[in-house]
Amino acid sequence: LVPTSSGDRWTVFVASHAFLFAAIDYVSGEVRWTVPVGGRVGESSPVITADGQYVCIGCYDNAIYIFRTFDGSFHYRMRTFGAVKATPIIDPETGYLLVRGTLYFLHFSIRCEYAGDMSRRWNILF
């Protein structure tokens with residue numbers, strides 16, 4: 001459950017075990033959009049880019065899905081090194097994603113550039 005605002009409209013993003021991801025109007029409760037994802041969403045919460053244009057969610061199908069916040073249109077599916085059971089962290093300046101010790105260098109306009117296990121180098125404990 002992650003809220004965001006666009007102008008005077010607030011949106012709540014909700015993921016489920018039913019392979020669905022949805023955006024709901026915070027005030028009215030109206031479902032704005034619902035999209036299928038390739039696996040169940042467990043412990044991963046949605047995360048929104050700094051500019052508010054994209055929302056990301058990790059799934060058990062070894063992928064992070066990226067959708068446009070406004071209409072739910074599919075933007076990108078990034079393969080990961082395993083089931084995503086943690087909330088991705090997005091650096092607001094670079095757009096890089098970090099998920100449980102793995103750094104995904106991702107620029108949202110040109111897609112994934114590189115993914116590597118940084119836990120050995122940086123001693124990240126998760």
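Residues are called buried at under 20% relative accessible area, exposed at over 50% and partly exposed in between (1.4 Å probe, protein chains only). By this scale, Asp25 is buried, at 11% relative accessibility. The model is predicted: local features need pLDDT of at least 70, side-chain atom pairs count only at pLDDT 80 or more, and totals for chains, interfaces and linings use all residues. Residues are numbered from 1 along each chain as its sequence is written, and side-chain values use heavy atoms, with hydrogens and water left out.

Helices (H or I, at least four residues) and strands (E, at least two) are DSSP runs, numbered from the N terminus. Along the sequence the pattern is β-β-β-β-β-β-β-β-β-β-β-β-α. Of the 126 residues, 42% are buried. Contact means heavy atoms within 4.5 Å. Among contacts between residues at least 6 apart in sequence, 29% join residues at least 24 apart. Accessible areas come from the Shrake-Rupley method with a 1.4 Å probe; for residues, only the protein chains shown count as cover.

Strand pairing was examined next. Two strands pair if DSSP finds at least two bridges between them. Strands β5, β6, β7 and β8 form an open sheet in the order β5-β6-β7-β8, with antiparallel pairing. Its edge strands are β5 (47-48) and β8 (74-79), each of which pairs on one side only. β5 is joined to β6 (residues 54-59) by two bridges. Within this pair, Val47 stands opposite Cys56. β3 and β4 are also antiparallel, with five bridges. Here Ala22 faces Thr34 in β4 as its opposite residue. The two strands form a hairpin with five residues between them, and Gly29 in the turn has a positive phi of about 80 degrees.

A nonpolar core is a set of buried Ala, Val, Leu, Ile, Met, Phe, Trp, Tyr and Cys residues joined through side-chain atoms within 4.5 Å. The largest one has 14 residues, and Phe21, Trp33, Val37 and Phe67 have the most contacts inside it. β3 (20-25), β4 (31-36), β6 and β7 (63-68) each supply at least two of its residues. Beyond its neighbours within four places in sequence, Phe21 contacts residues including Phe13, Trp33, Val37, Ile57 and Phe67. Another core, of 10 residues, lies apart from the largest one; among its members are Tyr54, Cys56, Val84 and Val99.

A salt bridge is a side-chain nitrogen of Lys or Arg within 4 Å of a carboxyl oxygen of Asp or Glu. Two were found. In one, Asp25 meets Arg32, with the closest N and O atoms 2.4 Å apart. Arg32 is partly exposed, at 23% relative accessible area. In the other, Arg77 meets Asp61 at 3.4 Å, N to O. Arg77 lies in β8 and Asp61 in the loop between β6 and β7, so this pair ties together parts 16 residues apart in sequence. Arg77 is partly exposed, at 31%, whereas Asp61 is buried, at 16%.

Trp10, Tyr26 and Val27 make a nonpolar surface patch of about 390 Å². Patches are made of residues with over 30% relative accessible area and no salt bridge: like charges are joined within 9 Å, nonpolar side chains (Val, Leu, Ile, Met, Phe, Trp, Tyr) within 5 Å. Trp10 belongs to strand β2 (residues 9-15). Trp10 is partly exposed, with a relative accessible area of 42%.
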